[in-house]
Amino acid sequence: MNRTLATISFAATALLPNGWVITPSTGAVVQTQTLPLGAAPSPDGSTLAVVESGFNAPALRLYASNNLKEVASIPLKGAYGRPLWIDASHVLVAGANADAVLDVDVNYERVSAIGLAKGSYPIAVASCGAKIAVATEGDRSVRVGSLAEIAAVRPVRTGESVGLACTADGRTLYASDAGGRRITAIDTASRSARSIATGLHPGALLIANNTLYVAETDADTVALYDAATGGSQGAVYVGDFPADRSAVGVSPNALSAQGDTLYVSLAAANEIAVIRNRAVVARIPAGWYPTDAVPLGGKLYIVDGKGEGTRPNPRFDPRSESNVDYVAAIQFGSIRAYDLSADSAAGNPQGATGWTAAQTSGVVRANGPIRHVFFILKENRSYDQVLGDMPQGNGDPKLTWFGAKVTPNEHAIAARFGLFDNTYTSGEVSESGHNWSDAAFDTDWVERMWPATYNGRRTVDDDGWPETIPHSGYIWQAAGAAHVSFRDYGEMVEPNAPKPGQHPAPSVAAEYDPKYIGWNLAYSDLSRVKEWRREFEHFLHAGNLPQLEYIWLPNDHTFGSRKGQPTPVAMVAQNDYALGQIVQTISHSKVWRSSAIFVIEDDSQDGPDHVSGQRTTFFLISPYARGGLQHDHYSTVSVLRTMEMLLGIPPLSAYDAMAVSMRAAFSDTPHVQPFDAIGPRVSLAAVNRPGAYGALLSAQLDFSQPDATTPGAMLQILAHNH
């Protein structure tokens, strides 16, 4: 038992990686451990139970509601969602990778497991009178029955049911389908089911005052239904743009009620919406990414999944077997107690006023001098890891692994076109990072699931699942709608094999090069550039070069020290030379004067950084690049917003709609001198020796998809072989 954590003080404001400044509400606040996902008060209201299910070890923690002091910490094998008190001393928790419902005796801190089918992966539990309901991700189903019989009952297929709610009489259970646009109503006696249409990606459910509330996570609405019949009663908009609902992106992901007041956790907006009489009357400032809000007495307990902001990770020691300072391991949550008597002055319930193209000026505007945009995505490097040796910027050379000798092109590009030392990835890891890079958003499903995936407690590949696709889709879909021509090179293409005939995600349709190889580390980035150049020259000759090209150069991810494969240094150097060749090709072409190239990593998780675990390298390459040290705060969504402004593409989400563009990094005066790629200064042919550090481990690691390996293992290997 741990009773040492008391309420602590945090900074009044926090700067997030995307550039937003959050100012959480005042009141008692305590740091939790890893990604708190849900909370529930004990029957007498004295204790708050909180489920933690992040990258670090999952647990059930108990806090005294009167002062937020931790009174117990109970380790769990697996955990997910909101806990369920079944009496004064027992709490049920969906056991996720434990394939069980976990019955926790909080008095004796003992855990009993009610085992379900192997691979069932329970993610939600709810009370149905004398019965309980359990949602399982593994078979996308719901089981309903007594605690004694739950393991044997027939599952009802419902989809990804992150939300469950039962009527007061226990006769009807509602289950959401986070991957679609429906909820399922289940007769708890006969287990017959019927579907009810909803908005996109319904998540949390709540029945209060004879009304079923549905958090439509990717529609920015809370839908209302008659709890008895399932009949629709309209919806309440909780998003940031009420005037025209032009950009979705607040992620309503948790519901609770007290009297006639509904509280809605708006994860992506870092706020709690307060609804009365079917209207938003206030928005309470929260910490970073709230996942639950629990009213109890005169207080609202706000659970912040990502806590109070990002952290630097200079102690990231790749030679250690621990994950100290790994970006996911230092993501702690928080709980704050908000005085509900202040909610009438809790903020503007109207949200933002909307995006406007009037923000454009000078070079950064549609139909301006820049007509061709190239977006290059790379893999996993931090700023200090690559550019920390450049004295002009805010770098720490002690943390630089792949400096000027290994990445001469990136260093030369930064010296000529601008050194950006304050740019951040919007995603922490590849699973979220690619979504942010493709869609300027990441769904609540991914944000809640990826930490357990990266810890190894979950092995499912979410790529392409409906619940991962944001409301407005991807940048290429927005380009098509805006009549902007597009070409894809490697992103969202499967199976990533070095041969023609690959199959893209449906959204990419025919707008991809089937000969360009996506994720396959055995395939050289130099070969990728050769194929890209073939099409580039063809398009130039035909006079139909796409206005927007998306190019994935993944090999700076490296193979670790796998025997016979290129060393990490060789792979990063190969990636650097490939980037230099792309810039050389474009800058020596007739479209150079009308071009802008944006280069960023999908995430920065595989390197240390003394400023933030999400600070990364970014390059703006264009005749109009201002050059010099660029210290303004930018992020992945800043990059997408700037590309949209150049091409006349509307924002994809609330995040790029409100992002600071990179206008300040452009000059009105072009400098059209071409760039010549710098040849490798290290051997690209260097391969890992049989005795290289970690060679045996690397042989066992999974490189079939981005980040399929355990972070600690890869970082150890990189550090010993850079």
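This is a predicted model: local features need pLDDT of at least 70, side-chain atom pairs count only at pLDDT 80 or more; totals for chains, interfaces and linings use all residues.

Residues are numbered from 1 along each chain as its sequence is written, and side-chain values use heavy atoms, with hydrogens and water left out.

Q: Is asparagine 555 buried or exposed?
A: Buried means under 20% relative accessible area, exposed over 50%, and partly exposed in between (1.4 Å probe, protein chains only). Asparagine 555 has a relative accessible area of 0%, so the residue is buried.

Q: Which side chain makes a polar contact with the side chain of asparagine 555?
A: A polar contact is a pair of N or O atoms within 3.5 Å; within protein, one must be able to donate a hydrogen and the other to accept it, and residues adjacent in sequence count only if both atoms are side-chain atoms. At 3.2 Å, the partner of asparagine 555 is the side chain of arginine 528.

Q: How are H3 and H8 oriented, roughly parallel or roughly antiparallel?
A: Axes are lines fitted to C-alpha atoms, for helices over the stretch in contact, and angles run from 0 to 180 degrees between N-to-C directions. The axes of H3 (residues 430-439) and H8 (residues 636-647) come within 8 Å and cross at roughly 20 degrees. Angles under 35 degrees count as roughly parallel, over 145 as roughly antiparallel, 65 to 115 as roughly perpendicular and the rest as oblique, so H3 and H8 are roughly parallel.

Conventions: Helices (H or I, at least four residues) and strands (E, at least two) are DSSP runs, numbered from the N terminus.
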